[in-house]
Amino acid sequence: MSGKARHARMSRRAFAVTALSTLVAGGAVTGAALAGAEPSRPNGEGKGNGKRATRELRGMWLATVANRDWPSKQGLSATQQHAELITHLDTAVSRRLNAVFLQVRPTADALWPSPYEPWSQVLTGTQGKDPGWDPLGTAVQEAHARGLELHAWFNPYRIANHTDPTKLIASHPARRHPDWVVPYGGKLYYNPGLPEVRGFVQDAMLDAVRKYDIDGVHWDDYFYPYPVAGQTFDDDAEYAEYGGAFPDRASWRRDNIDRLVQETAARIKAVRPGADFGISPFGVWRNAATDPLGSDTRAGVETYDDLYADTRKWVRQNWIDYICPQIYWNIGFAAADYAKLLPWWAGVVKGTGTKLYVGEALYKAGDPAQPAAWQDPAELSRHLTLAQGYPEARGHVFFSAKEVGTDRIGAMARVVADHYQQPAMPPR
């Protein structure tokens, strides 16, 4: 989730990967660089204005990487951390949202007591230090008490936003298994080409799914890392060992990610059948110039070719319950027009069992570094109005919680006034 961010502290997705080069070819701004009991719900479903569905997702991402949204800084007391979390949840309620996507595994760490990975340093400032409470467990309980769904948001492969393994706690899996680790673009990643890595990251994530009554498992857009000019992701040995059945390295890499998605989906359903599994990719699968099945866009990154993530396939194969593409551009943006990408994605999910939610770039609203359209408080509201014409679009998720609260130019307030006057229940 990026663009020309003016935040010194980076955030989820591209805010968390500062080295990304321009993602939209020729564009001035980039578009992205992130069965338990049913919880209580808001009273009534409500149709809202116009032809709004009685069930629609209204969500916000709550990013923890680099302390983007929460906690506001490292080292707060457990009481302070809890109070800030409650404020975010209460803000979601006040905006008539019904789902929160809480980042609980930002960098191969945990915001719950995990036997697989250390406590995240975003809590205490020290990786592995017990914060004195259970943030994920508390978030699930407090969200459900407010009629909010709580989706646990994981990043499968990112280890650290630096390349020095000695900065990791000595017991970190990446230090115990240095052969699992690939430095790239100033960061450390687990190698998706290793079957043992694929199994480990699933185990680490599934631990939270088993322990907590979460409503969903959520991934963002990091699979193989975004390309960095002049650098090579070194998986030569793994490709030599495991890639023989594939026509090229790209096909092998895509299969590695396909396997992760398909295996995780099956394991989630076995452990917690009522939980959704969804993924929020960068908004462009492939440009039409690359593939006639692609979108009418000119993006400099295509998830199929650059992240080795065949997002369209996952939808068409019904491996995931929902797709939430980050359509982080304004209506009319030449290289990647929201008004063209929305119908493209609606067409992808049509006839499948996969729901479409739309990732919305609230963080751009009122940012002077963004195009003129983002200085208009009504831009995001127009996105939701446009989506009303596509029944496949079942809701929207806003990046991110900090902006949902501060609402720099009133864009979120305008969305609420125009579209969220009545409560709604999430699709199930």
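This is a predicted model: local features need pLDDT of at least 70, side-chain atom pairs count only at pLDDT 80 or more; totals for chains, interfaces and linings use all residues.
1. Start with Asp69. This residue sits in the loop between strand S1 (57-62) and helix H1 (78-94).

2. Is Asp69 buried or exposed? Asp69 is buried, because its relative accessible area is 5% and the cut-off for buried is under 20%. Its side chain reaches the backbone nitrogen of Lys402, at 3.3 Å.

3. Which residues does Asp69 touch, once neighbours within four places in sequence are left aside? The contacts are Trp61, Leu62, Ala63, His88, Ser400, Ala401 and Lys402. Find Lys402 in that list, then look for its backbone nitrogen, the atom reached by the Asp69 side chain.

4. Strand S8 (residues 276-279) pairs with strand S9 (residues 322-323) in the parallel sense, over two bridges. Gly278 has Tyr322 of S9 as its bridge partner. S9 and S10 also run parallel, joined by two bridges. There, the bridge partner of Tyr322 is Lys355 in S10.

5. How many residues of strand S10 (residues 355-360) are buried? Six of the six are, so S10 is largely enclosed by the rest of the structure. Both faces of the strand are covered. Lys355, Tyr357 and Gly359 are buried on one side. Leu356, Val358 and Glu360 are buried on the other.

6. Turn to the pair H1 and H3. Their axes come within 11 Å and cross at roughly 35°. The crossing is right-handed. H1 contributes His82, Leu85, Ile86 and Leu89 to the contact. H3 contributes Pro135, Thr138, Ala139, Glu142 and Ala143. By class, the contact has six nonpolar, two polar and one charged residues.

7. Helix H10 (residues 338-349) and helix H11 (residues 379-387) pack at an angle of about 35°, and their axes are 11 Å apart. H10 passes H11 in a right-handed crossing. Tyr338, Ala339 and Leu342 make the contact from H10, with His383, Leu386 and Ala387 from H11. What classes do these residues fall into? Five are nonpolar, one is polar and none is charged.

8. There is also an open sheet. Three strands form it, in the order S4-S6-S5, with antiparallel pairing. The edge strands are S4 (158-160) and S5 (181-184), each of which pairs on one side only. Neighbouring strands of the sheet are turned by 35° against each other on average, direction ignored.

9. Look at the S5 side of this sheet. S5 pairs with strand S6 (residues 187-190) in the antiparallel sense, over four bridges. One of the residue pairs is Val181 with Tyr190 of S6. S5 and S6 form a hairpin, with two residues between them. Gly185 lies in the turn and has a positive phi of about 60°.

10. Finish with Pro183, which belongs to strand S5. Why does Pro183 count as exposed? Its relative accessibility is 51%, and exposed means over 50%, so it passes the cut-off. Its bridge partner in S6 is Leu188. Pro183 touches Thr163 and Leu188, not counting residues up to four places away in sequence. Asp234 is 51 residues from Pro183 in sequence, and the two are 8.2 Å apart in space, C-alpha to C-alpha.

Key
Residues are numbered from 1 along each chain as its sequence is written. Side-chain values use heavy atoms; hydrogens and water are left out. Two strands pair if DSSP finds at least two bridges between them. Axes are lines fitted to C-alpha atoms, for helices over the stretch in contact, and angles run from 0 to 180 degrees between N-to-C directions. Buried means under 20% relative accessible area, exposed over 50%, partly exposed in between (1.4 Å probe, protein chains only). A polar contact is a pair of N or O atoms within 3.5 Å; within protein, one must be able to donate a hydrogen and the other to accept it, and residues adjacent in sequence count only if both atoms are side-chain atoms. Contact means heavy atoms within 4.5 Å. A crossing is left-handed if the near helix is turned anticlockwise from the far one by less than a right angle, and right-handed if clockwise. Ala, Val, Leu, Ile, Met, Phe, Trp, Tyr, Cys and Pro count as nonpolar, Asp, Glu, Lys and Arg as charged, and the others, Gly among them, as polar.
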